Amino acid sequence: MPWKYLSSESGPDLKIFKVRFDELINPRNQAVARVTVVESKDSVNVIALTPDQEVIAIRQFRFGIGAMTIELPGGLAEPGEEPMQAAMRELREETGYTGSKWHSLGHIQSNPVYMNSRMHHFLLEDARLTHHPELDAEEDIEVLTFSQSELIRLVEEGEIQHPHVISALARILPLWKNGYAER
């Protein structure tokens with residue numbers, strides 16, 4: 001049975017997120033649940049392959065964990081921007097790479113436990129450096145390239161842990177070829 005919505009109340013606007021508080025009736029026991037929903041624009045990330053089949057990656061500081069991470073280029077879509085347009089823009093802005101052989105790899109829910117947004121994954125073949133990066137004020141990005149086998153190793157060794165990055169890579173690379181083991 002579906003959950004019945006009783007009310008929805010706006011919470012704080014936190015720049016890239018808005019918070020909402022919903023009250024719903026649990027169909028199992030009729031209890032009223034007050035839940036927090038984080039509203040956000042959809043986001044994108046890009047597996048960009050150079051003509052030599054190297055993958056463009058970025059290293060950047062992530063405020064939530066207070067550490068550097070290795071990720072795929074990507075970010076939030078602008079209002080009214082289609083996911084493919086956002087992917088093209090984010091790749092160019094963060095890395096300076098562009099190209100014309102784009103493919104959608106589908107999308108996932110960002111975190112359906114409390115978020116209402118999706119992460120769209122894209123593949124660009126034949127990516128070429130054509131521009132200088134144009135970073136946002138909060139960004140300090142190092143552009144990297146890795147062979148596909150190096151990326152698999154980085155995932156297996158736990159150097160790449162961002163779930164959106166692993167989700168995108170799993171769509172084209174045979175991750176955990178030796179079987180997944182808790183690390």
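Two strands pair if DSSP finds at least two bridges between them. The exercises below apply this to a predicted model.

**Exercise 1. Find how S1 and S2 pair, and how many residues lie between them.**

Solution. 
- Start with the bridges. S1 and strand S2 (residues 18-25) are joined by seven, in the antiparallel sense.
- Check one position. Ser7 stands opposite Glu23 in S2.
- Now look at the turn. The two strands form a hairpin, with four residues between them. Lys15, in this turn, has a positive phi of about 70°.

**Exercise 2. Decide whether strand S1 (residues 4-13) lies largely in the open.**

Solution. 
- Recall the cut-off: buried means under 20% relative accessible area.
- Apply it to the ten residues of S1. The number buried is zero, so the strand lies largely in the open.

**Exercise 3. Trace the strands that pair with S5.**

Solution. 
- Take S4 first. S4 and S5 run antiparallel and share two bridges. Leu49 has Val55 in S5 as its bridge partner. The hairpin has five residues between its strands, and Gln53 in the turn has a positive phi of about 65°.
- Go on to S6. Five bridges join S5 to S6, again in an antiparallel run.
- Finish with strand S12 (residues 142-146). S5 pairs with S12 over five bridges, antiparallel. Arg59 has Glu142 in S12 as its bridge partner.

**Exercise 4. Describe the largest pocket and its lining.**

Solution. 
- Begin with volume. The largest pocket holds about 1500 Å³ of space.
- Turn to the lining, made of 48 residues. Ile16, Phe17, Arg62, Leu76 and His162 lie nearest the centre.
- Name the elements that give two or more residues to the lining. Among them are strand S5 (55-62), helix H1 (83-95) and helix H3 (163-170).
- Sort the lining by class: 20 nonpolar, 15 polar and 13 charged residues.

Conventions:
Residues are numbered from 1 along each chain as its sequence is written. This is a predicted model: local features need pLDDT of at least 70, side-chain atom pairs count only at pLDDT 80 or more; totals for chains, interfaces and linings use all residues. Side-chain values use heavy atoms; hydrogens and water are left out. On a 1 Å grid over the protein atoms alone, a cavity is a set of points where a 1.4 Å probe fits but cannot get out, and a pocket is an open set with protein on both sides within 12 Å along at least five of seven lines; lining residues have an atom within 4 Å of a point. Grid points are joined across faces, edges and corners, and a volume is the space filled by probe spheres set on the points. Ala, Val, Leu, Ile, Met, Phe, Trp, Tyr, Cys and Pro count as nonpolar, Asp, Glu, Lys and Arg as charged, and the others, Gly among them, as polar. Buried means under 20% relative accessible area, exposed over 50%, partly exposed in between (1.4 Å probe, protein chains only).
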